[in-house]
Amino acid sequence: MKKAQDRILKDVTAGEYKYGFYTDIETEKIPRGLSEDVVRLISGKKNEPSWLLDFRLKSYRHWSTMKMPDWANLRIPEINYQDIIYYAAPKQKISHESLDDIDPELKRTFDRLGIPLEEQKHLAGVAVDAVMDSVSVKTTFRETLAELGIIFCSFSEAVREYPDLVKRYMGTVVPYTDNFFASLNSAVFSDGSFCYIPKGVRCPMELSTYFRINAANTGQFERTLLIADEESYVSYLEGCTAPMRDENQLHAAVVEIIAEKRAEVKYSTVQNWYPGDRDGKGGIFNFVTKRGICRGENSRISWAQVETGSAITWKYPSCILKGDNSSGEFYSVAVTNNHQQADTGTKMIHIGKNTKSTIVSKGISAGFGQNSYRGLVKVLKNASNARNFSQCDSLLLGDKCGAHTFPYIEVDNPNAVVEHEATTSKIGEDQIFYCNQRGISTEDAIGLIVNGYAREVINKLPMEFAVEAQKLLQISLEGSVG
Amino acid sequence: MLVIDNLKVNIEGKNILNGISLSVKPGEIHAIMGPNGSGKSTLAAVLAGRNFAEVTEGSVKWFGRDLLEMAPEDRSKEGIFLGFQYPIEIPGVSMVNFLKTALNEHRKHKGLEPLSASDFLKIMREKKELVEIDSKLANRSVNEGFSGGEKKKNEIFQMAMLEPKLAILDETDSGLDIDALRIVANGVNKIRRPDSSVIVITHYQRLLDYIIPDVVHVLYDGRIVKTSGKELAMELEEKGYDWIKKEVDNQV
């Protein structure tokens, strides 16, 4: 464990955006643009059953009637949806059976990203589904997990091998009509991860998906479906990176989580998509819909996210607290440096009795970055004794950035207790000087202070990733002061 | 080791230091006393490299090097420590993490490997005893929620960890009760090696009962107006600063 930590530390301290390389690999792409034919083409490429094609077409038709939302506190350049390539796949025979079938160039790419596809080389206790552009490349530790009845595979395989499960749950938490980007995803999603934890099983390792955008002019539209059956437990995490390019690229994902009776799901994200350059050129548009439902009583869903990348982030990982005594948590650190913009937060919908939610959001703005917290706490009529605690803190570095808070509270039950606390602070020169005087450079001092500020959230991440997240925070703020 | 020559400093156009000359040799203890507003804390801050004052004239040499050209963190790593009059709080950063980062920066500067966690904690335990600091404080965030006395003890604890060649203690005695004063002062004495030096900045003589100075300087109106042995501190305690002010004003 110690060694792994050191390695990550060394890796991540190396430079600015060190994942900005491009893998020159033969890629199969479909023509630019979106139409019913393109939807059929994608579905055909994946040999999908007709029920799934129908779902896609329904979504596409619905999406065609929608307009991009404009309520977020973001300046989004116009996106030409006919100029995007909706499917790109590294050209190779996809076989998840043997590593020998994987293009060595692809293997090297994931090695460089610190995600070796060989199981024996990987961090102990983490199973990985590696996704590049539109397809899953390799899922590790599948056999080990299968012995416990855990299904962990790419979404495409799940459609082939576990169609009943996919059919039963897909779209139940995020319906295809949910919002503009979710509808788009439902029409064109290409791959992603699928995970099912059977009744009473505690998943013995961290499950993770690593998303990589590689091809140019493409969008990535993955879908993750995670089902925790009664009394099960799983900790899941995702990481994301992309090459440095001058043009923006769209990433519109959907994540759905279902937690049955007494199940517990922890979902952690370390989002490090290419943020664009210092002048705000290029970078990923990260427009993501993530939602979990605590269906069963006493179930629990916990989101933890460290968002340092992307030119623009629009995402609100949410919990629907349907089961009595269920609880939802949202812990977030979002950094906007240079010209990055983020409008992020959560929704906690209290439906069941004695439901509890906790929101801890830490925004950090530097450079010309604009950071908004947007959160909804909604207590329905029958949710007696619902409890919510929200804390939204903003940290400003410099005087050209901005921090904004948009809390929405709707309470229909008189027994509910909802608390909201908010603070805004700046890193003081006296704090930096105090560190300097003890031998710590200004850059390191900022890292230390920012990590201290974000500690409550970082502590929620699995250990290996907490170390990575700490370093990421520091790197993404490099050059933001002085 | 430290040679200050005719140092003139102004803050926002106002002259605060008007030509200070002072030289400190290894092993010496200097006390700088003086009424409020005489420039004592400014001198300490300028030596530590706080970037708020403009040096208009004079020089400061540290082992022959131009100290004023050095970044504050390099001054620290080269052995200058400032005990803050008002220690700063850093929420969320534990003392352990803070000091480990600082100490390893110092070690890197000397070409040494970083300390392992267990070695570091061992050193920390030893040094904690020197200043009788509560173990719990080490796990709390830097100075956050510390009482006035705890903050001052914590400064001396950090001094113990970093083993400076020169410690500048800026009114470390202010806000301390008699017991805390004794602990802090004894801590300083225990930490000090024969060749390390201390500049004690204080209003009162009582700290100097414990940390016995070789030289006492009186700072008034941005100048050192009197330099003498430790008996000067006693005299000031008895007679106050007015007689010195008069002396100086009469000369002008």
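This is a predicted model: local features need pLDDT of at least 70, side-chain atom pairs count only at pLDDT 80 or more; totals for chains, interfaces and linings use all residues.
In what sense do β6(B) and strand β9 (residues 166-170) of chain B pair, and over how many bridges? The two strands pair in the parallel sense, and 4 bridges link them. Two strands pair if DSSP finds at least two bridges between them, and helices (H or I, at least four residues) and strands (E, at least two) are DSSP runs, numbered from the N terminus.

Residues are numbered from 1 along each chain as its sequence is written, and chains are lettered from A and ligands numbered from 1 in the order in which they are written.

β6(B) and β9(B) belong to an open sheet of 6 strands in chain B, with the order β6-β9-β10-β3-β11-β12 and mixed pairing. At its edges stand β6 (80-83) and β12 (223-228) of chain B, each pairing on one side only. From one strand to the next, the twist averages 20°; angles run from 0 to 180 degrees between N-to-C directions, and axes are lines fitted to C-alpha atoms, for helices over the stretch in contact.

Chain B also holds an open sheet of 4 strands, in the order β2-β1-β4-β5, and here the pairing is antiparallel. The edge strands β2 (14-24) and β5 (65-66) of chain B have a single partner strand each, so one side of each is left without a neighbour in the sheet. Strand β4 (residues 54-62) of chain B and β5(B) run antiparallel, joined by 2 bridges. W62(B) stands opposite R65(B) in β5(B). Helix α1 (residues 40-48) of chain B packs on this sheet and touches β1 (2-11), β2 and β4 of chain B, its direction making about 70° with that of β2(B). Here, contact requires C-beta atoms, placed from the backbone, to lie within 7 Å.

Now to helix pairs. The axes of α6(B) and helix α7 (residues 178-191) of chain B come within 10 Å and cross at roughly 5°. The two helices are therefore roughly parallel to each other (angles under 35 degrees count as roughly parallel, over 145 as roughly antiparallel, 65 to 115 as roughly perpendicular and the rest as oblique). Their contact residues divide into 8 nonpolar, 2 polar and 2 charged. In this scheme Ala, Val, Leu, Ile, Met, Phe, Trp, Tyr, Cys and Pro count as nonpolar, Asp, Glu, Lys and Arg as charged, and the others, Gly among them, as polar.

In chain A, helix α2 (residues 36-45) and helix α3 (residues 50-64) pack at an angle of about 155°, with axes 10 Å apart. That makes α2(A) roughly antiparallel to α3(A). On the α2(A) side, E36(A), V39(A), R40(A) and S43(A) meet L52(A), L53(A), R56(A), L57(A) and Y60(A) of α3(A). This contact counts 5 nonpolar, 1 polar and 3 charged residues.

Where the chains meet, 21 residues come from chain B and 16 residues from chain A. Elements giving two or more residues to the chain B side are α2 (72-77), β7 (90-94), α3 (95-109) and α6 (148-162) of chain B. α3(B) gives the most to that side, with 5 residues.

Note on methods. Two residues are in contact if their C-beta atoms, placed from the backbone, lie within 7 Å.
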